[in-house]
Amino acid sequence: MTMLKAEAKKIVIARLDEVFKPLGYKRKLTDGIDYFRVTDQHTDAFYALLTRDAIEGSGYYRGYSEVNEMLFAVQQQISRPLFVFWDEKKKYLMSIHDYSVVDEWGAYGEEAFSVKYRKWLSIDSPKALNDYLDWYISYLLGEGQKFLDYYAYLPNVLKKMDELDKTNTYWGADAVGILDHGSDPYFSGLVISKLCNDPKFEEKLERLNAYYSKDEHEEDLYAFEKLKKILERVEPRYNV
């Protein structure tokens with residue numbers, strides 16, 4: 001007998017609340033089940049999404065307050081809406097994402113739970129769901145927490161961006177990237193570069209000047225020019 005979605009939702013909420021609310025996370029019900037924790041420096045978040053006999057559990061997202069203040073200043077001019085986590089009082093942009101949890105499908109009983117699969121089929125019983133949640137919680141508290149710990153220091157994000165540049169890989173590439181699509185990786189990446197006093201800032205700027213000068217990207221050119229003017233007034237906060 002297939003488990004009802006309402007029953008599955010109760011199980012997920014009970015299991016995740018038990019672990020993550022004591023760690024300072026808040027829960028918000030949207031299309032999925034969002035958890036986020038806000039400090040002065042960071043906003044950390046993840047979500048679980050239930051569909052019929054399936055579940056999706058995201059890797060961690062992190063937003064940086066010092067990055068977001070500049071992204072929000074140009075948000076209205078960007079053609080594609082920025083994805084946000086939000087509560088009743090405030091919206092939170094996410095700068096980075098743990099792409100090691102890959103956007104692929106696995107099937108309960110056929111593959112072992114791992115970060116190779118973000119979405120799981122055949123989650124059709126309380127046992128299947130609890131088995132998945134055992135693994136998902138262990139990931140969030142283990143490898144996921146290591147991701148947050150390492151990227152607590154913003155220059156480590158820049159380091160990853162430069163590693164991706166060596167292979168001409170998009171900063172927001174699935175499976176291997178670092179910058180979250182929801183904040184526009186080029187915009188957030190340029191802000192991070194400036195804040196970190198990146199010696200390659202001008203190189204990155206010129207590359208993005210060329211990108212946004214192309215006809216197919218001109219709809220975001222105004223927002224990009226506005227961001228550049230903001231960054232001209234920004235003093236670096238780190239020294240890599």
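D44 has a relative accessible area of 3% and is therefore buried, where buried means under 20% relative accessible area, exposed over 50% and partly exposed in between, for a 1.4 Å probe and protein chains only. Its salt-bridge partner is R37, with the closest N and O atoms 3.3 Å apart, a salt bridge being a side-chain nitrogen of Lys or Arg within 4 Å of a carboxyl oxygen of Asp or Glu. R37 counts as buried as well, because its relative accessibility is 19%. The model is a predicted one, in which local features need pLDDT of at least 70 and side-chain atom pairs count only at pLDDT 80 or more, while totals for chains, interfaces and linings use all residues. Residues are numbered from 1 along each chain as its sequence is written, and side-chain values use heavy atoms, with hydrogens and water left out.

The structure holds 16 salt bridges. One of them joins the side chains of E69 and R237 at 3.4 Å, N to O, and this pair links distant parts of the chain, since E69 belongs to helix α2 (residues 65–74) and R237 to the segment after α8 (221–232), 168 residues apart. Helices (H or I, at least four residues) and strands (E, at least two) are DSSP runs, numbered from the N terminus. E69, with a relative accessible area of 46%, is partly exposed, and R237, at 43% relative accessibility, is partly exposed too. K127 and D131 meet in another salt bridge, at 2.8 Å from N to O; because they are 4 residues apart in helix α3, about one helical turn separates them. Salt bridges with shared partners also join E56, D103, R118 and K119 into one network.

E56 leads on to strand β4 (residues 54–57), from which A54 and E56 point one way and I55 and G57 the other, all of them buried. In a regular strand the side chains alternate between the two faces of the sheet. β4 runs antiparallel to β3, to which 4 bridges join it, strands being paired if DSSP finds at least two bridges between them. G57 of β4 is the bridge partner of A48, and in the hairpin of β3 and β4, with 2 residues between the strands, D53 takes a positive phi near 60 degrees. β4 also pairs with strand β10 (residues 119–121) in the antiparallel sense, over 3 bridges, and there K119 is the bridge partner of E56.

In helix α4 (residues 143–150), G144, F147 and L148 are buried. They lie on the same side of α4, because they cover an arc of only 95 degrees around the axis, the arc being that of the directions from the helix axis to the C-beta atoms. E143, K146 and D149, on the other side of α4, are exposed. The buried residues of α4 pack against β2 (33–38), β3 (42–51), β5 (61–64), β8 (96–97) and α3 (126–141).

A search of the whole structure finds 29 aromatic pairs, for which rings of Phe, Tyr and Trp (its six-membered ring) must have centres within 6.5 Å; planes under 30 degrees apart count as stacked, over 60 as edge-to-face and the rest as tilted. Among them is the edge-to-face pair of F20 and Y25, at 5.6 Å centre to centre with 90 degrees between the planes; F20 and Y25 are both buried. Y117 and W120 are edge-to-face because their planes lie at 75 degrees, with the ring centres 5.3 Å apart, and both residues are buried.

Technical notes
Contact = heavy atoms within 4.5 Å.
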